[in-house]
Amino acid sequence: MEQGKTLYLIIPCYNEEEVLPETSSRLTEKLRAMIAAGKISEKSRMVFVDDGSKDRTWEIIEELHRTNPLVDGIKMSRNRGHQNALYGGLMTAKEHCDFAISMDADLQDDIEVLDQFVEKFYEGYEIVYGVRNSRKKDSFFKRFTAQSFYKIMKAFGVDIVYNHADYRLMSRRAMDELEKFREVNLFLRGVVPLIGLKACTVEYERQKRFAGRSKYPLAKMFAFATDGITSFSIKPIRLITSLGLLIFVISILMLIYFLVVYFLGKTVSGWASTVISIWAIGGLQMMAIGVIGEYIGKIYLETKSRPKFIVEKYLHDGAQEEQ
């Protein structure tokens, strides 16, 4: 088995001052063990990507870089969101590694399966997805919403790996191919499967967050799901078209019914049906405008071709590189 390739761990961070010391400590121990076993090169690193944090996250990364040779740091110029920070980390670090593994900073991703990721890479897989083997530790609400998210994405035709977040391995070749995808609205869980290179999955048990609060409250989770659907599927627009056609057919049937009643000489009150019809049609129109507006907004952002990320500083090999 081929060994000794350079691995970079890409770890996006936003206000993670509470977990960084413990995360870096555990990952340092893990990387050193893998290096000693000959599984990865001595050039392997963990790269913390600061996504415009408002706390001491970047100061801690700088200190870790000074005291720990296995720690590199990337500082984004401002907060651009988890997906852009992760993408920026991959694109910045890929010039220095043979393969990279992206993971969260909160220690929820089980670092003990890193060995399995690396083994799959040496077996010839270009992409390895970390897949949760269970959601027993989640609350009912969290479990229900997460499972609904994956099912809805599948229903709308989005090629997404079930129960996979962003814990994944990508080879240098896979990252080069990822760079060819130019969309501004990033949804990596949907983009990476489109690369089409040889892939497999590794199951793991997701742990509880070590410290701090989740950076994905309900509002952000909903926005994330909306971005995922509208970035990869036009089925919502087709659904509205079908619904509009159905309501049109119903309106024709209602017209026939009212004409028959009229010619039979029966009095029709009409107020309830009129009000309900107005509200139903008005609601459908507003929903349709909103969905179409979502797509138009994405077209607007894409045409601007703005950069997905801007690196302010890159701490690498003992040097601070201004970008």
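Pro12 lies in strand β1, which covers residues 7-13. The structure is a predicted model. Its protein chain has 10 helices and 9 strands, and buried residues make up 46% of the 323 residues.

- Pro12 has a relative accessible area of 9%, and because the limit for a buried residue is under 20%, Pro12 counts as buried.
- Leaving out residues up to four places away in sequence, Pro12 touches Val49, His82, Ala85, Leu86, Met103 and Ala105.
- The C-alpha atoms of Pro12 and Ile74 are separated by 9.2 Å, while the two residues are 62 residues apart along the chain.

**Lys75 and strand β3**
- Lys75 is placed in strand β3, residues 71-76.
- The relative accessible area of Lys75 is 17%, so this charged residue is buried.

- Thr23 lies in helix α1, which spans residues 20-36.
- With 1% relative accessibility, Thr23 counts as buried.
- Residues touched by Thr23, apart from those up to four places away in sequence, are Phe48, Ala105 and Leu107.
- Two packed helices are described by the angle between their axes and the distance between the axes.
- The axes of α1 and helix α4 (residues 114-122) come within 11 Å and cross at roughly 40°.
- The two helices are therefore oblique to each other, since angles under 35 degrees would count as roughly parallel and those from 65 to 115 as roughly perpendicular.
- The crossing in which α1 passes α4 is right-handed.
- On the α1 side the meeting residues are Leu27, Lys30 and Met34, and on the α4 side they are Leu114, Asp115 and Val118.
- By class, this contact of α1 with α4 has 4 nonpolar, no polar and 2 charged residues.

**Helix α7**
- The buried residues of α7 are Leu188, Arg189, Gly190, Val191, Val192, Pro193 and Ile195.
- Just after α7, Gly196 takes a positive phi of about 85°.

- Most residues other than glycine have a negative phi.
- Asn15 is not a glycine, yet has a positive phi of about 55°.
- Asn15 is found in the loop between β1 and α1, and its relative accessible area of 23% makes it partly exposed.
- Asn163 also is a residue other than glycine with a positive phi, here near 60°.
- The loop that holds Asn163 runs between α5 (140-155) and β6 (164-171).
- Asn163 is buried, with a relative accessible area of 11%.

**Whole chain**
- Of the contacts between residues at least 6 apart in sequence, 82% join residues at least 24 apart.
- The accessible surface of the protein chain comes to about 17300 Å², and 59% of this surface belongs to carbon and sulfur atoms.

Note on methods:
Residues numbered from 1 in each chain as written. Predicted model: local features only at pLDDT ≥ 70, side-chain atom pairs only at ≥ 80, totals over all residues. Heavy atoms only, no water. Helix = DSSP H or I, 4+ residues; strand = E, 2+ residues; numbered from the N terminus. Buried < 20%, exposed > 50% of the residue type's maximum accessible area, 1.4 Å probe, protein only. Contact = heavy atoms within 4.5 Å. Axes fitted to C-alpha atoms, helices over the stretch in contact; angles between N-to-C directions. Parallel < 35°, antiparallel > 145°, perpendicular 65-115°, else oblique. Left-handed = near helix turned anticlockwise from the far one by under 90°. Areas by Shrake-Rupley, 256 points an atom, 1.4 Å probe, with all protein chains shown as cover.
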